[in-house]
Amino acid sequence: MTQRISIDPITRLEGHGKIEIFLDDQGNVANTYFQIPELRGFERFVVGRPIEEMALITNRICGVCPEAHNMAASKAADAAYKVDPPRTGKMLRELLYSAFYCADHTTHFYALGGPDFVMGPDAPVAERNILGVIHKVGLEIGSKVIPVLRSRVG
Amino acid sequence: MTVNGNKRKFAMYWAASCGGCEIAVLNTHEKILDVDANFEVVFWPVAMDAKYKDVEAMEDGSILLTLFNGGIRNDENEHIAKLLRRKSKIIVAFGSCASEGCIPGLANLSPVGEIVSTAFHTLTTDNPNEIYPRSTFDVPEGELHIPTLSSVLRPLDQVVDVDYHMPGCPPESHQIAAVIELVIKVIHGEAELPPKGTVIGAGNSTVCDECPRARNVKSIKAFKRIQDIAPVDPTLCILEQGVPCNGPATRSGCNARCPQVGAQCIGCYGPAAGVMDYGARLITAFSSVIDANEPDEIEKILDGIPDPTGQVYRFNLAGSLLKANRSAWSKEQV
């Protein structure tokens, strides 16, 4: 008899997902299916809209990495207008993207993926998260780290 | 509603959303510690690993506060909305998607079949076998299910009873912090909850009222696209410069964040207090600044707004009186 394990929903990343794992009679993984249970239709509703809208529409694809979508849309606008931005413009974009790179990685490390490693995979769900990490290191350290993050975001 | 030793339960969920609301909550910084001190977080997919079955197992009404973001785009979103409504004493339509549909509501201009066929058939989509998603799919090991798309995207209050609305794409972190502070005071018996249905975490006037830009008599001979007037005058009203700015119809609460940095208000805080239909109010505002009397000339000036629907219903189509384009209401399923 095949055993089925459903991971629904997958958590601590942006985007919705579900994983179905089937085990064989020996309890080994026979097959695994990763499913995306969402579609909002950005591909359709960007069609026919002004190019200058793209940077503010497509960054709503993902609120964890809106900067990446904003950048892609801005480059698409460059291509549509057949322009090459001045050096200052390119450097400003690079600065924004570098800041995003740091923010995105710290978000993943501290709030999303990191707690699994800090608390361990067998820690209870209630503790295997960013709040559990704060409990582990102590409120005193937690409340010192947070203002540092605030100054970074500005 | 006083503390009885047990922490109150807190949940946050994303339906058809982007995760930006969650990041805005995390950006309340040390307020997260107050949430932790006063609440037991029981379900929050972005931050903790609880599953749907864990929510199913909770007692009805056992969650004090659920911040629900994302619109209702499929039957799974609808199921979880109803589930969390049953489990929660207070449910907040949190952010633009849940309160009015937001950008994903623009999909309501297209029938669902068209949305799917476009998504799986773009120039950059590698789909040589023309595979399209199906709700049920047979695999050798059994049957797989994915949610069925609804014909239109709906804000949360078109699906379940909602206690409060909190606008914004995303809600400003200082507004979230203020709401968290209020709820904690309520828990400690130091404040009362606002009346049901209140728009929380926002102002009661318009973005224009918060905007520091100088306003004179507006009279416009032509609407312009923002890239055509660069540089934007740093102190003058953006609408007065000819760029359609959604400030006149949009609820205050963001401190006019976009106009402050030289960009037009895009309307993410939704309709201002007393506005029955956001788009209608905005059309009125735009019409009132046109300096022309001849129908032909007025027509020509209006042609300067290249995407009228997207302009006046960018965030609000699903929550508007229109709700959708007629064709999107078709029963067509995928």
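In chain B, Arg8(B) stands opposite Phe39(B) of strand β2(B), in a model that is predicted rather than determined by experiment. Strands and helices here are DSSP runs numbered from the N terminus, a strand being E over at least two residues and a helix H or I over at least four. Strand β1 of chain B, residues 8-14, pairs with β2(B) in the parallel sense over four bridges, where pairing requires that DSSP finds at least two bridges between two strands.

Residues are numbered from 1 along each chain as its sequence is written, while chains are lettered from A and ligands numbered from 1 in the order in which they are written. In this predicted model, local features need pLDDT of at least 70, side-chain atom pairs count only at pLDDT 80 or more, and totals for chains, interfaces and linings use all residues, with side-chain values based on heavy atoms and with hydrogens and water left out.

The pair β1(B) and β2(B) belongs to an open sheet of five strands with parallel pairing, in the order β2-β1-β3-β5-β9 of chain B. At its edges stand β2 (39-43) and β9 (164-166) of chain B, each with a single partner strand, so one side of each has no neighbour in the sheet. From one strand to the next, the twist averages 25 degrees; axes are lines fitted to C-alpha atoms, for helices over the stretch in contact, and angles run from 0 to 180 degrees between N-to-C directions. Helix α4 of chain B, residues 75-87, packs on this sheet and touches β1, β2, β3 (63-69) and β5 (88-94) of chain B, contact meaning heavy atoms within 4.5 Å. The direction of α4(B) makes about 135 degrees with that of β5(B).

Chain B also contains a hairpin, in which two residues join β6(B) to β7(B). Strand β6 (residues 136-139) of chain B and β7(B) pair in the antiparallel sense over four bridges. Along this pair, Thr136(B) has His145(B) as its bridge partner in β7(B), and Val139(B) stands opposite Gly142(B).

Five bridges hold the antiparallel pairing of β1(A) with strand β2 (residues 18-23) of chain A, and Ile7(A) stands opposite Ile19(A) in β2(A).

Next come the domains, whose bounds come from an automatic or database domain assignment. Chain A is divided into domain 1 (1-38), domain 2 (40-84) and domain 3 (87-154), and 33 Å separate the C-alpha centres of domain 1 and domain 2 of chain A. Chain B is assigned domain 1 (8-104 + 152-187), domain 2 (112-150) and domain 3 (207-303). The C-alpha centres of domain 1 and domain 2 of chain B lie 29 Å apart, and six residues of domain 1 of chain B are in contact with six residues of domain 2 of chain B.

Grid points are joined across faces, edges and corners, and a volume is the space filled by probe spheres set on the points. The second largest pocket holds about 720 Å³. Among its 29 lining residues, Ile36(A), Phe120(B), Pro133(B), Arg134(B) and Ile146(B) lie nearest its centre. Two elements give two or more residues to this lining, β3 (29-35) of chain A and β7 (142-145) of chain B, and β3(A) provides the largest share, three residues.

The count of cavities of 30 Å³ or more comes to six. The largest cavity has about 130 Å³ of space and 15 lining residues, with Glu52(A), Glu53(A), Gln264(B), Pro306(B) and Gln311(B) nearest its centre.

Definitions and conventions
On a 1 Å grid over the protein atoms alone, a cavity is a set of points where a 1.4 Å probe fits but cannot get out, and a pocket is an open set with protein on both sides within 12 Å along at least five of seven lines; lining residues have an atom within 4 Å of a point.
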